[in-house]
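Thanks for coming, everyone. Please bring the structure up on your screens, and we will walk through it together.

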Amino acid sequence: MEYFIEQALTYTECLNKIRMKYGDRVTILYHKNIRIGGFLGLFAKDGVEVTGFTSNNVIKNVTSLGISNPSGMGLSGAPPSPPDPRKPLDFEEEKKKVIAAANRGDPTLQTVLSEIRTLKEKVEANTAGSQTEDHPTLCRVEEILGLNDFSPAYCQNILDRIKKEFSLDALNNYHAVQDRVLEWIGESIILYKEDKFQRRPRIMALIGPTGVGKTTTIAKLAAIFGIGNSGRRPLSVRMITIDAFRIGAKAQIEAYGNIMALPVSYVEDYDDLKKTIAQYSEGVDLILVDTIGKSPRDSAKLGEMKQLLDACGTQVELYLAVTATTKSSDLKEILRQFEPFNYQSVIITKLDETIRVGNVISALSERGKSISYITDGQKVPSNIQKATVVRFLINLEGFQVNRVKIEGRFPSDESEQIQWR
Ligand SMILES: Nc1nc2c(ncn2[C@@H]2O[C@H](COP(=O)(O)OP(=O)(O)OP(=O)(O)O)[C@@H](O)[C@H]2O)c(=O)[nH]1
Ligand SMILES: [Mg+2]
């Protein structure tokens, strides 16, 4: 079987051409009036185009396709009456006839139709896919996510989500897309819901790699709670450090203790820590435990620290301190290495040292970790804040952030905020 499309000035001329080329065993599917020849749309003539196929098993009911062919056979039967070239083709009528033929289960027609359908789907899928892939909005979003140091996996996730949720047409509205992306980023930031002093004493311990700002942060926290803040009454706070033997470490925390008139205790081992905490069980609201910085790669030392901290009991709230300047992949690794401590939340330090926060947002969201505080400077006590979604979103580079809108979308409890400045 072979399909053909032939054109000629008249229907009879077209049939003669077909007969000459393919013989008599042909079936005409349909014909239509066309314009033939010409130049730049001028001098074209009216003509006819006939579509059909050659076949040994000639199909019956061809007349139903609009071809007047009494024998239901090919051209060997009585010739179809030529169409009136002045009468425009009624496409609705033609379509109905084709559908009727298809419904009757004409196998050849079914095959042709299904092939056409598959081809059409393929063309549509290819065009839509490649248009979405290269759309300038997607390229721009990808660029600014990269600019903010979001991890490759996080970027891909956002791009896939855009492709899923936005039609090709909707992608043309860049601002709507970036607003939605900003919202998704905001939703991926998990904030820590702090224990509101349900137990006394509340015990908070900071762990983390060396030099990230644990001791400084302990001093800042001691000030927030010990001096009183945002209308809260000053609490009875004690600081304990496990870092007494390092030169300078003792002096550092002692200096903070003296400034704030808060007692500092030094412990060396599990028993010491347990005893000290027991001493503070009466009349103390908050115990802050500072630890020695540990390389996340030294799992033996991490293990020792974990055993020592077990002396704080099961009620201890463990916070992992990490710096905002750490690469996303390193951050993920640190979060993983400290996992055995079962820390409740993360404190992001040194936010003042970077303008990019995508690394922090992606690493925490990929590991499902919450953020409690951010610190943004060396000043004790003022450079510490409760983490808010807005604080991260307004720090993003390249996004147009409507602050009122995102504050409405991610409201923070004003009474929770720390007011030093
Ligand atoms: N820029 C900036 N520097 C900070 C911040 N927090 C702490 N630092 C500085 O980081 C350095 C290390 O701070 P520490 O508090 O001693 O860090 P640590 O984690 O206790 O260090 P180790 O006990 O040695 O593990 C100090 O110079 C701090 O002043 C911050 O938020 N921003
Ligand atoms: Mg320290």
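Helices (H or I, at least four residues) and strands (E, at least two) are DSSP runs, numbered from the N terminus. By that rule, the protein chain has 14 helices and twelve strands.

Some ground rules. This is a predicted model, where local features need pLDDT of at least 70, side-chain atom pairs count only at pLDDT 80 or more, and totals for chains, interfaces and linings use all residues. Residues are numbered from 1 along each chain as its sequence is written, while chains are lettered from A and ligands numbered from 1 in the order in which they are written.

Now, the chain as a whole. A residue is buried if 20 or more other C-beta atoms, placed from the backbone, lie within 10 Å of its own. Of the 421 residues in the protein chain, 32% are buried. Two residues are in contact if their C-beta atoms, placed from the backbone, lie within 7 Å. Take the contacts with a separation of 6 or more: 73% of them join residues 24 or more positions apart.

Next, the ligand. Which residues are closest to ligand 1? They are Gly-213, Lys-214, Thr-215, Thr-216 and Gly-293, in a shell of 19 residues. A residue joins that shell if its C-beta atom, placed from the backbone, lies within 6 Å. Helix H7, residues 214-227, gives the largest share, three residues.

On to helix packing. Two packed helices are described by the angle between their axes and the distance between the axes. Axes are lines fitted to C-alpha atoms over the stretch in contact, and angles run from 0 to 180 degrees between N-to-C directions.

First pair: H4, residues 136-147, and H6, residues 174-188. They pack at about 40°, with axes 10 Å apart. That angle makes H4 oblique to H6; oblique covers what is left after under 35 degrees (roughly parallel), over 145 (roughly antiparallel) and 65 to 115 (roughly perpendicular). Thr-137, Arg-140 and Val-141 in H4 meet Tyr-174, Val-177, Gln-178 and Val-181 in H6.

From H11, the residues in contact are Ser-328, Leu-331, Lys-332 and Leu-335. Their partners in H12 include Asn-359, Val-360 and Ala-363.

Last, H12 itself. Is H12 mostly covered or mostly open? Mostly covered: seven of its ten residues are buried. Among them are Gly-358, Ile-361 and Leu-364. Just after H12, Gly-368 takes a positive phi of about 65°.

Key
Buried ≥ 20, exposed ≤ 12 C-beta atoms within 10 Å, placed from the backbone.
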